[in-house]
Amino acid sequence: MLEVQNISINYGVCAVVQDVSFALRAGKIIALLGANGAGKTTLLKSLNGSLPIAKGAVLLDGKELKDFSRREIARKIAVIAQETETKFPVSVLEFVLSGRFAHGAAFGWETPSDLQIAADCLKQCDLVNYENRQMNQLSGGERQRVVLARALATQAKILLLDEPTANLDLAHQALMFRLVKERCERENAAAIVITHDLNLASEFADEILLLKNGAIAAKGAPEKVLTEENLIEVFNVRVLLDENPHSGKRRVTTIY
Amino acid sequence: MFRNTRKIHFVILLFICFFSLTACRSANRTAQTEVKMRDIADDLGRKIKIPEKVERVVSLAPNLTENIFAIGAGDRLVGVTSFCNYPEAATKIAQVGDTMNPNMETIIALKPQIVFVSTASQIETFTKTLEANNITVFVTNPKDLNGVLTNLRQLGEIFGTPERTTILLNELFERIAAVDEQVRDKPKTKTFVQISKEPLFTVGKESFLTEIVERAGGISVTKDVATAYPKISKETALAFNPDALILSESPDNTEPNDVFKNSSAVKNKKVFKINADILSRPSPRIVDALEQIAENLHPQTNDN
Amino acid sequence: MIINGRKGEAEKRRKGEQKISASPHLRISSSKMLPALIGLLFLSLLSAVFLGSEKLSFFELTESQATILFDIRLPRILLGACVGASLAVAGAGLQSLLRNPLAEPYLLGVSNGAALGTMLAFVFFAQFEFARPVFAFAGAGAATFAVYQMAKSRAGMNVERLVLSGVIVTTFLSSIIVLLTSLLDAAKLRSFTFWLLGDLSQGTKNGFYLTFVVVIIGTIILTSQARALNLMMIGERDAFDFGVEIKKVRLIVFAVASILVGSSVAASGSVGYVGLIVPHLIRLLVGSDNRLVIPFSAISGAIFVVLADTIARVAIAPRELPVGAITALIGAPMFIWLLRRN
């Protein structure tokens with residue numbers, strides 16, 4: 001679905017992302033891990049054209065990203081960015097419906113199907129009866145779920161999530177990942193998730209990209225990437241590795 | 001260390017300069033107080049002292065400049081405003097800014113004995129600064145025909161030119177009397193004075209032009225409107241339907257406002273332009289305005 | 001015990017507050033809002049027609065009364081309505097685009113840019129009637145562009161920078177205007193200062209036709225961008241991610257707002273606060289959806305200026321006040337009230 005070929009991204013003169021390549025296949029989740037400043041967000045931003053790439057190419061369904069219009073990209077790729085705040089009184093429903101922008105005419109009203117989709121997504125994100133609440137009166141976690149609901153409402157096949165669980169409690173962290181996972185499995189969608197939670201990545205991701213100084217340090221299945229050497233190299237922490245007794249996935253425990 | 005001492009030297013030098021300057025100034029002051037003084041009251045009723053012989057003055061209003069020239073003391077003006085364009089000789093005198101923003105430093109440098117001011121608005125700061133420099137501030141602002149005549153007489157006394165002033169006043173009295181004669185028994189013409197076309201400004205109750213129009217055999221349709229130069233509603237202006245229009249002639253006030261399109265003034269071609277300077281300045285030329293308006297409203301040639 | 005009791009009370013109060021603030025705007029349904037606003041517009045136009053410095057006997061108009069009504073009063077009322085609508089729509093558009101409810105043509109220097117442009121046309125091209133709107137538009141556009149360029153930084157554009165840039169551009173342009181007015185002669189100066197305060201008495205029929213066409217087209221274009229603006233209002237990054245051609249929308253909104261402000265400033269000077277409080281009030285009533293806010297602001301802006309100008313015409317009749325003084329007189333306290341409410 002999304003193919004990244006040897007891309008580099010510069011901020012001014014310094015290269016923030018160097019020669020990164022990977023492919024996102026339908027139904028899969030890729031977790032993007034790395035220390036602060038490793039270039040994760042920058043890389044993610046370039047995947048939907050928010051940031052220009054200096055070298056290489058991003059192929060969306062086999063076509064170069066720059067050959068798509070903004071609208072076409074938005075129909076195929078949804079983004080959950082780090083938190084946004086607005087000074088205007090926007091209701092939850094209005095916010096979620098704005099995710100349908102790329103599907104409707106620029107001018108005009110949402111169709112009944114738009115409303116239905118928005119209602120479904122709110123329900124999925126555990127936000128029943130929130131329609132008329134104001135965005136700026138929600139807690140950080142509630143807001144984050146509304147942001148997810150909006151991304152789901154786009155019905156895009158590719159989800160790009162930048163630390164989607166940052167403000168969420170344990171239950172909602174799990175809910176967020178479950179929703180993304182379900183979406184990927186059931187509708188043949190795919191997702192790239194930036195997270196700092198190695199265990200969540202291990203549980204839900206099909207593939208992990210370990211980023212260091214803008215370059216890929218390791219890439220592959222969670223149990224292959226989440227090794228002691230890799231984690232020492234990238235995060236400079238020592239870890240204990242074992243198996244989650246429930247899922248059988250690799251479990252990482254930091255040694256303080 | 002070396003640089004520091006140099007700094008200190010410099011500061012000391014500055015102080016010396018400053019003190020010697022103030023010393024000069026106080027010496028100056030004692031010299032001037034020896035001049036014989038006399039008491040006089042200005043239009044604000046302030047008792048002020050002026051020198052026996054007035055030789056250097058500054059005028060901060062174009063009408064005052066005209067008045068001073070008229071009583072024969074124009075040669076004693078050492079400073080005028082940028083608005084002062086009459087008589088011709090006034091334009092050759094040093095300018096000290098305009099009426100609203102006179103330049104204090106320039107005025108003080110000109111060393112006048114008296115500064116003539118037409119507006120009381122800046123009197124506080126004015127008086128303090130100028131009187132600290134031994135300059136008297138004289139506030140005078142004639143508001144009507146009578147005021148102009150009184151002002152001229154007063155200026156004659158201040159400058160010591162009573163003969164010239166008397167001749168001037170007699171001439172003005174005669175001309176005014178002639179106008180009175182000319183318009184006596186004539187019907188009063190409904191007149192609208194258009195100060196500016198857009199927006200439509202006219203003359204109100206407090207303007208001396210209301211009186212001038214009256215004296216010239218007209219009646220200002222806006223004579224009861226509050227303030228001196230009100231912006232008037234176009235609806236009302238149209239409803240007045242004046243028989244004559246007087247335009248204070250300036251580049252953007254050369255034709256009647258559109259609302260007068262169908263007025264009897266425009267239909268009967270009773271639209272008259274009078275130089276804005278003549279209309280707006282309470283000076284001897286106000287009598288010119290009086291004559292011109294009278295001539296416009298009640299032409300002598302037709303009567304004879 | 002007592003402490004506990006108080007604590008309970010405070011908590012209750014806090015909860016109560018939360019309940020109230022859960023809907024900070026009154027949320028009148030748009031289906032009721034539209035007829036209500038149109039009714040109000042009709043009423044305000046009607047009262048404006050009936051009120052004036054001259055009393056008109058409407059059932060048997062004399063010839064001069066007919067002229068007063070049809071050549072003076074009506075064109076002025078209609079021009080006022082168009083100016084109000086233009087400024088309110090421009091305000092609503094700029095606020096959403098710049099993600100700042102305080103963005104306003106007047107505060108951002110757009111009005112001053114238009115004023116300076118008009119002034120230049122006034123001084124140098126007085127003989128061409130069309131020079132004023134053209135120069136006003138150019139001035140408004142230049143000011144908008146300057147503010148935008150100054151507010152933009154590599155990290156994007158934040159509100160503080162924007163407001164600061166607006167203040168800088170506004171004061172800079174004001175000083176140029178002051179500089180130019182001091183070069184004007186006294187008669188011109190008076191008419192110009194009056195005009196600067198916002199004055200509808202100088203409006204011509206042509207001025208009305210122009211603002212009318214501009215405001216209709218402008219409102220339609222901005223409303224057509226309303227969905228995109230809804231996203232821009234939340235965040236530029238969001239808008240981009242969800243398929244908005246940010247650059248295109250920005251260009252359209254800046255251009256349309258400049259034309260709207262330019263045409264109304266050319267016709268009536270700078271009438272302040274309309275673009276600020278009208279969209280603000282509308283958002284309070286119907287929420288932030290620009291598909292409602294923009295057209296409703298147009299109608300309400302028209303109502304506001306028509307009423308303000310009626311006051312300006314009759315308050316000290318037969319003298320007149322500049323309408324800008326009335327809008328500021330009503331707008332400033334109202335704005336403070338709105339600020340405190342939020």
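Colleague: Where does Glu163(A) lie?

Modeller: Glu163(A) lies in the loop between S7 and H6 of chain A; helices (H or I, at least four residues) and strands (E, at least two) are DSSP runs, numbered from the N terminus. This is a predicted model, in which local features need pLDDT of at least 70 and side-chain atom pairs count only at pLDDT 80 or more, while totals for chains, interfaces and linings use all residues. Residues are numbered from 1 along each chain as its sequence is written, and chains are lettered from A and ligands numbered from 1 in the order in which they are written.

Colleague: Is Glu163(A) buried or exposed?

Modeller: Glu163(A) counts as buried because 20 C-beta neighbours lie inside 10 Å. A residue is buried if 20 or more other C-beta atoms lie within 10 Å of its own, exposed if 12 or fewer, and partly exposed in between, with C-beta atoms placed from the backbone. Glu163(A) also has a positive phi of about 45°, although it is not a glycine.

Colleague: And where is Asp169(A) placed?

Modeller: Asp169(A) is in the loop between strand S7 (158-162) and helix H6 (170-186) of chain A. Asp169(A) is exposed, because 11 other C-beta atoms are within 10 Å. From Asp169(A) to Glu228(A) the separation is 59 residues in sequence and 28 Å in space, C-alpha to C-alpha.

Colleague: What about the phi of Tyr273(C)?

Modeller: Tyr273(C) is not a glycine, yet its phi is positive, at about 75°. The residue is found in the loop between helix H11 (246-268) and helix H12 (274-286) of chain C. Tyr273(C) is buried, having 25 other C-beta atoms within 10 Å.

Colleague: Let us turn to the sheet in chain A. What is the strand order?

Modeller: The order is S6-S7-S8-S3-S9-S10 in an open sheet of six strands with mixed pairing. Two strands pair if DSSP finds at least two bridges between them. Strand S6 (77-80) and strand S10 (215-220) of chain A are the edge strands, each pairing on one side only. The twist averages 15° from one strand to the next.

Colleague: How many bridges join S9 of chain A to S10(A)?

Modeller: Five bridges join strand S9 (residues 207-212) of chain A to S10(A), and the two run antiparallel. Leu209(A) has Lys219(A) in S10(A) as its bridge partner.

Colleague: Which strands does helix H5 of chain A lie across?

Modeller: Helix H5 (residues 140-153) of chain A lies across S6 and S7 of chain A, running at about 175° to S6(A). Axes are lines fitted to C-alpha atoms, for helices over the stretch in contact, and angles run from 0 to 180 degrees between N-to-C directions.

Colleague: What does Val96(A) touch?

Modeller: Not counting residues up to four places away in sequence, the residues touched by Val96(A) include Ala118(A), Cys121(A), Val146(A) and Arg150(A). Two residues are in contact if their C-beta atoms, placed from the backbone, lie within 7 Å.

Colleague: How many residues does chain C bring to its contact with chain A?

Modeller: The contact takes 29 residues from chain C and 28 residues from chain A. On the side of chain C that touches chain A, H9(C) gives the most, with six residues. By class, that side has ten nonpolar, eleven polar and eight charged residues. Here Ala, Val, Leu, Ile, Met, Phe, Trp, Tyr, Cys and Pro count as nonpolar, Asp, Glu, Lys and Arg as charged, and the others, Gly among them, as polar.

Colleague: And the contact with chain B?

Modeller: That contact takes 22 residues from chain C and 23 residues from chain B. Helix H3 (63-97) and helix H7 (186-196) of chain C are the elements that give two or more residues to the side of chain C that touches chain B.

Colleague: Which peptide bond to Pro87(B) is cis?

Modeller: The bond from Tyr86(B) to Pro87(B) is cis, with omega near -10°. A cis peptide bond also joins Glu198(B) and Pro199(B), with omega about -10°.
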